[in-house]
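Subject: Structure handover and findings

Hello,

Please find the structure below, followed by notes on what was found in it.

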Amino acid sequence: MTLAADQGWPLHGPGLLMNSGGPCSRTRSERVRTTVLGDDDGPVRCPKVLRVAIDFGRQSPLRCVERWLRAAGFETGNEARAIVSLPDRRCICQVDPHPVPVSAGSLTALEGLGLALVLGLCTASFYDPARPVLWTTTSLTRRLVLYDGGGFYA
Amino acid sequence: MTDSHTRLSTLGAYGFETQEPLILAALVTGDPLLLIGKSGTGKTFLLNSISEALGLEHRHYNASLISFDDLVGFPYPDDEKTAVRFLETPATVWGAESVLIDEISRCKPEHQNRLFSLVHEKKIQGLPLASLRYRWAAMNPCTTDQSPGEEYLGSEPLDPALADRFAVILDVGDWTSLDETDRRRVADPAGEGVTSDDGGALRAKLAQWQPAFAAALRNCPPQVIGYVSAVATALNNAGIRISPRRARLLSRTLVAALVIDDDALTDVSSRRTDLLFRLVLDGSLPHRAWGVAPDADKVLAAHTLAWNATMASPRDRWLHQFHLERALDRKARLLLKHCPDADTGTLAVEQLLANEPRACAAAFALAAFPAALAGRLPIGAEGVNDLGRAAQPLLTVDGEVTWQERLSDANTTHPELAAYAAVLEPLEEARRKRAEQLLWYCAVAKIAVADPRKLEAEFDRCVRVFAREVAS
């Protein structure tokens, strides 16, 4: 905008140039990432316990687990947990940002049941060996990392 | 309405029915009483009438006119000329059993200071007034607390330290607050100048109540202590300051009010007692004496919270107590040490996560979740799940922060991250790492933290409480 003499302003040279509302700042952004999980050497240690991810390919996850159960001689997941080695205490679980899923076809029945049981014992935020096994397509296709939360209070 | 509620009308003082339990309680405790009201509302008449009915050696001073010599008498040296004695007159305060300081808000500050020790410790010039039993005062509403229609120029706010010495502070109603019967009684000019005499009924009752009050003080009902503790916390949290002295005075007045009202004492958790406690609370707030009427809604909310916390079932009582407590570490201790059962613990955690400010809820979730995982919290699986859901985004913070940078600047950092860095910098490693998770999460989630240093300190105290539990 230019103020000229006819608007009551003294005119010297080209007149007074006013800021007409152009950009005076820029938007900046920064990614923030920090975790207390999995850092075995940090001051707060919540080490990784297990990574679990099964690639069922084109098979139905539930049918596949049923096959593993039958092959191992069990009726339900809760029977199977008695002979499969599982982490014995609650763990924090989070979605694995870099999963390496194991192909279901490459697993024996007991190996497959072990991984499926861990997935069936996880809620959205933690693994609990004391809860009933809950298998759904969603729970079996999750890719998770389990961490031991015991070191949080270091 | 019981017999005790009409005692003052037998003295010719009308319109005090609602406040009578409080006035009687002040007579039982002997603690200082202050009446605040417009001119002509019967404040002075009431207090002078009580002194007449009780047959007290009474002094009535007008604080705006009084000189200190009027109170203590004219000083003169004793025969040995080693000490000062005071020439006593019928108006001097020595030997008085009750003192009414009228217009206390109109006296000079230096006189207020002298009256302070009279009101506070029954002393004047450092000398005890051995026979003084009652200290009463009256004032017009101070100038900052006026209705637009009527100004009391010269009625200044009391010094809060002086006002806080009065156990009972009552607003005396005007004509409009009288019912029709009382209006007619007040309008009737008969009885002017007659000494108040109820045949010794009030004196007899006080002789009965005062020993009962002394006995009750030695074994104060736990509900009174619980209520006063809870309501003082709630009011302070709401920005209405209650001093520790005030809390103690409130307890005394409540005990006296219960002693006077047999029915309320018999069933402490009844509706009647609820109303009595509310009345005593309202009459125990000194703020009006310095011109700041406390927010009635906040007072009601504090009373309701404290009443429920004290009188409800043990489970509800604990829940109220948990939510009344502001500090996260104290909440953590309450949860760990006093939670009645896992269902109540779960409910408490769910309510905390839903109702606390977001930064506080996040701090509690992060501090508590690992202990909950270790099975050290008295909460059910749902509670652990809720804590886990809230703690997840704090355990791994992953997001983007944006800010505006002036074109003339370069390489600036996010203003909140810069402020948080100053908080984090002096902390030892593990504490810093945990605090970093909390504060960076707040930045990413756009949660405003008014005082990051305070939040971090509170979070760390909370972490320590849970850490001790896990280590034990």
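How do the residues of the lining of the second largest pocket divide into nonpolar, polar and charged? The lining has 15 nonpolar, four polar and nine charged residues. Here Ala, Val, Leu, Ile, Met, Phe, Trp, Tyr, Cys and Pro count as nonpolar, Asp, Glu, Lys and Arg as charged, and the others, Gly among them, as polar.

Some conventions before the rest. This is a predicted model, in which local features need pLDDT of at least 70 and side-chain atom pairs count only at pLDDT 80 or more, while totals for chains, interfaces and linings use all residues. Residues are numbered from 1 along each chain as its sequence is written, chains are lettered from A and ligands numbered from 1 in the order in which they are written, and side-chain values use heavy atoms, with hydrogens and water left out.

Pocket

The second largest pocket has a volume of about 640 Å³. Of its 28 lining residues, R326(B), E356(B), P357(B), C360(B) and E458(B) are the closest to the centre. In chain B, α9 (222-237), α13 (296-311), α14 (314-324), α16 (342-355), α17 (358-373) and α21 (452-471) each supply at least two residues of the lining. Helices (H or I, at least four residues) and strands (E, at least two) are DSSP runs, numbered from the N terminus.

A pocket is found on a 1 Å grid over the protein atoms alone, as an open set of points where a 1.4 Å probe fits, with protein on both sides within 12 Å along at least five of seven lines; lining residues have an atom within 4 Å of a point. Grid points are joined across faces, edges and corners, and the volume is the space filled by probe spheres set on the points.

Chain A

Chain A has four helices and nine strands. From the N terminus on, their order is β-β-β-β-β-α-α-β-β-α-β-α-β. Of the 154 residues in chain A, 40% are buried. Buried means under 20% relative accessible area, exposed over 50%, and partly exposed in between (1.4 Å probe, protein chains only).

Salt bridges

The whole structure has 29 salt bridges over all chains. The criterion is a side-chain nitrogen of Lys or Arg within 4 Å of a carboxyl oxygen of Asp or Glu. Some examples from chain B follow.

- R184(B) and E180(B) are joined by a salt bridge at 3.5 Å, N to O. Both lie in helix α7 of chain B, four residues apart, about one turn of the helix. R184(B) is exposed at 61% relative accessible area, and E180(B) is partly exposed at 47%.
- D282(B) pairs with R278(B), with the closest N and O atoms 3.4 Å apart. The two are four residues apart in helix α12 (residues 271-282) of chain B, about one turn of the helix. D282(B) is partly exposed at 30% relative accessibility, and R278(B) is partly exposed at 22%.
- E436(B) and K433(B) form a salt bridge at 3.4 Å, N to O. They lie three residues apart in helix α20 (residues 429-444) of chain B, about one turn of the helix. Both E436(B) and K433(B) are buried.
- R431(B), E456(B), D460(B) and R464(B) are linked in a network of salt bridges.

Surface patch

Which residues form a nonpolar patch on the surface? They are F74(B), Y76(B) and L87(B), with about 310 Å² of accessible area together. Patch members have over 30% relative accessible area and no salt bridge; like charges are joined within 9 Å, and nonpolar side chains (Val, Leu, Ile, Met, Phe, Trp, Tyr) within 5 Å. Areas come from the Shrake-Rupley method with a 1.4 Å probe, and for residues only the protein chains shown count as cover. L87(B) is in strand β4 (residues 84-87) of chain B and counts as partly exposed because its relative accessibility is 48%.

E103(B) lies in the loop between β5 (98-102) and α5 (109-121). N411(B) is in the loop between β10 (396-406) and α19 (415-424), and is exposed at 71% relative accessible area.

D174(B), in the loop between β9 (168-171) and α7 (180-187), has its C-alpha atom 7.1 Å from that of K38(B), 136 residues apart along the chain. D174(B) is partly exposed, at 33% relative accessible area.

Regards
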